[in-house]
Amino acid sequence: MGKYKNYTGIDFFRLIAAILIITIHTSPLASFSVTGDFILTRIVARVAVPFFFMTSGFFLISRYSRDNDKLKKFVNKTACIYGIAILIYIPVNIYNGYFNSDNLIPNILKDLFFDGTIYHLWYLPASIFGAWIAWYLVKHFDYKRALIASSVLYLIGLFGDSYYGIAEKITGLNSFYQVVFQVSDYTRNGVFFAPVFFILGGFIADTYHKISFRNSVLGCGISFALMLAEAILLHYLDLQRHDSMYVFLLPCMYFLFHAILHFQGKRLVWMRTLSLCIYIIHPMMIIAVRLLAKVAHLQNLLIENSMLHFLMVCFTSVAVSIVATALLEDILRKNKKPVSNTDRAWIEVDLKNLAHNAKVLKKAMPPKCQLMAVVKAEAYGHRAFEISTCLEKIGVKAFAVATIDEGIRLRKYGIRGEILILGYTAIWRAAELKKYDLIQTLISYDYATALNKQGVSIKAHLKIDTGMHRLGISSDDLTDVEKVFSLKYITICGIYTHLCCSDSLEANDVTFTCEQINRFYSLIDALRNRGIIVPKLHIQSSYGFFNYPQLQCDYVRTGVALYGVFSSPHDETVRKLDLRPVLSLKSEVILIRSVPKGDSVGYGRTFTAQKDSRIAIIPIGYADGIPRNLSCGNGRIRIRQYIVPIIGRICMDQLAVDITEAEDIVVGDVATFIEAKAESELAAPVVADQTGSISNELLCRIGARLPVIEK
């Protein structure tokens with residue numbers, strides 16, 4: 001679940017795809033079999049360019065995008081590569097007489113933006129256009145609509161390519177494609193061809209449930225067989241203007257990419273650079289091999305023999321590209337900037353543990369009961385973006401937040417599931433509830449009627465007060481509850497209550513909780529008796545789920561349990577589940593000072609060295625969520641294998657620890673304040689207990705200025 005896994009299969013197939021591109025441009029079987037060469041170069045090798053598009057989309061396109069930085073970086077990088085490639089081939093274009101052609105300026109502009117300044121470079125501007133279109137479609141729509149829109153573009157391109165023989169016989173269509181061909185000699189450009197493959201790549205990346213290797217291979221084999229039949233039929237009927245796109249190329253690439261993803265291991269970044277160099281340089285090597293053959297009078301061997309010609313071009317392209325890759329890697333290594341998001345302090349979230357917890361919780365729930373992930377307060381300090389996007393990818397479809405602005409942020413992150421606002425929303429923001437498809441909690445009858453008067457259709461869950469006396473209509477006010485169901489603009493799609501002491505197994509607390517549950521279900525029965533169709537119900541939060549597992553509801557609101565911790569290390573529960581902590585809070589040693597006996601450290605001189613001491617300074621403080629009452633020896637941290645005490649007062653941005661007994665600690669060592677291990681003495685519940693609070697508060701207070709590292 002990290003940002004990038006080690007997809008070795010992608011790295012290796014980059015090289016295979018680059019060789020397939022050479023295959024297209026050298027026709028290795030032409031000397032031996034026309035049909036065989038057609039199958040190899042016009043069918044098999046056609047997977048190469050779509051693979052490159054899908055790979056770019058896999059790492060670039062995601063509906064969980066907060067800004068356009070990734071797109072800008074991709075466009076700038078691709079434009080830079082395109083510019084270099086254009087410069088490389090200027091001598092070739094001069095030799096070919098390109099700059100002596102008629103209508104030079106319009107042709108340069110057309111080639112620059114659509115066709116490429118030499119025949120194979122069309123891929124680079126196509127990548128830029130395709131990325132832009134795919135990014136816009138996925139960011140503003142869901143994948144289904146984005147795929148439909150891009151498939152329509154693909155279909156338009158198809159009838160200017162492999163199916164052109166049909167389009168040219170229809171007057172209106174033929175006129176349309178003649179205009180298209182005036183702008184671009186090929187329809188396989190970024191407007192028609194690239195977007196659907198970019199989106200397919202992004203869709204596969206955002207989909208948690210992958211296709212098994214067996215089914216991937218089977219699906220690819222069937223799709224390829226259908227594409228083979230399609231291509232041969234089109235060729236036989238002489239319908240093709242070009243032969244680069246097919247209907248069955250789409251499912252073939254979908255299954256092929258899934259199969260490739262099953263090969264994981266060490267990341268081979270250099271192979272990405274190598275394949276790019278081969279792609280760009282191979283036409284130059286075709287020219288070089290032909291020139292060598294002419295000078296050495298080896299045309300029969302190196303040109304007329306198509307297989308030897310292909311092998312020679314491959315050899316020279318790979319050899320030159322290896323040298324170029326080595327030089328580029330050396331330059332990049334020297335100019336590589338250090339990672340800056342872990343230079344002071346950071347939050348580390350283990351998304352594998354999060355996914356594990358969600359799976360364990362869902363397995364323990366009754367059939368048809370949904371997990372409602374509570375991601376308010378930045379997902380209890382874990383950061384709402386990382387947590388909510390991960391959860392939706394693994395199948396969680398319901399979320400709960402505290403405020404409308406938290407709900408809006410989830411929508412802007414790309415979350416499509418249900419989002420319930422647990423708290424109050426100002427009446428005048430009713431239109432925003434509808435705009436962002438948020439579900440509002442009705443906190444009282446008066447609030448519900450006021451919201452209804454706004455004249456905006458709103459989805460809502462009705463909160464029932466069964467004894468907590470915080471929010472909700474009293475369970476005794478059956479009349480008011482019934483009236484809410486008749487409000488014109490309010491659609492009640494859920495009813496819930498909150499159990500105020502479900503975390504306690506004390507006899508009187510258990511009795512009170514059972515009374516709350518009985519009041520809730522008595523109200524529900526009364527509504528049913530009055531002919532009201534009861535919507536989905538939910539009662540349990542994390543501790544309600546742990547201690548009252550017999551309840552049968554439609555949702556379980558999981559907050560602290562989802563993050564793998566108890567509120568307190570002393571909590572006992574009826575149900576025991578294998579939950580794993582998700583969050584660690586870390587910093588590093590930035591300075592080590594020698595403090596003589598009798599000298600003091602920090603504000604107020606609250607620490608005085610009782611002997612010659614070594615003090616480590618850590619750049620994290622109460623502004624980052626470290627409770628100030630852990631000062632003066634009340635708190636501890638881990639550096640390497642040592643647990644060392646916090647000394648003096650914790651400052652806003654830094655603190656000090658005594659490392660006198662840990663002589664091998666050095667500057668740069670990681671300092672851990674909260675550890676994502678259930679049995680650790682630095683687990684969140686233990687640290688919170690030391691402050692006289694609960695882990696919920698401790699985690700929620702972690703500073704927003706800290707970056708998040710996904711583990």
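How much space lies in the second largest pocket? In this predicted model, the volume of that pocket comes to about 670 Å³. Its lining is made up of 28 residues, and those that lie nearest the centre of the pocket are K376, Y380, R470, H498 and S541. Several elements of secondary structure contribute to this lining, with at least two residues supplied by each of α18 (376-380), α25 (542-547), β10 (555-558) and α27 (695-700). When the lining residues of the second largest pocket are sorted by class, 14 are nonpolar, nine are polar and five are charged.

The largest cavity holds about 70 Å³ of space, and its lining consists of L585, G625, I626, P627, L630, R636, I646, F673, I674, V687 and L698. By class, this lining comprises nine nonpolar residues, one polar residue and one charged residue.

Helix packing was considered for α1 and α3. Helix α1, which spans residues 8-26, packs with helix α3, which spans residues 48-60, at an angle of about 150°, the two axes lying 8 Å apart. Because angles over 145 degrees count as roughly antiparallel, α1 is described as roughly antiparallel to α3. The crossing of the two helices is left-handed. On the α1 side, the contact is formed by I10, F13, R14, A17, A18, L20 and I21, which meet A48, V49, F51, F52, T55, F58 and F59 of α3. Taken by class, the contact of α1 with α3 includes 12 nonpolar residues, together with one polar and one charged residue.

Notes
Residues are numbered from 1 along each chain as its sequence is written. This is a predicted model: local features need pLDDT of at least 70, side-chain atom pairs count only at pLDDT 80 or more; totals for chains, interfaces and linings use all residues. Side-chain values use heavy atoms; hydrogens and water are left out. Axes are lines fitted to C-alpha atoms, for helices over the stretch in contact, and angles run from 0 to 180 degrees between N-to-C directions. Helices (H or I, at least four residues) and strands (E, at least two) are DSSP runs, numbered from the N terminus. Angles under 35 degrees count as roughly parallel, over 145 as roughly antiparallel, 65 to 115 as roughly perpendicular and the rest as oblique. A crossing is left-handed if the near helix is turned anticlockwise from the far one by less than a right angle, and right-handed if clockwise. Contact means heavy atoms within 4.5 Å. Ala, Val, Leu, Ile, Met, Phe, Trp, Tyr, Cys and Pro count as nonpolar, Asp, Glu, Lys and Arg as charged, and the others, Gly among them, as polar. On a 1 Å grid over the protein atoms alone, a cavity is a set of points where a 1.4 Å probe fits but cannot get out, and a pocket is an open set with protein on both sides within 12 Å along at least five of seven lines; lining residues have an atom within 4 Å of a point. Grid points are joined across faces, edges and corners, and a volume is the space filled by probe spheres set on the points.
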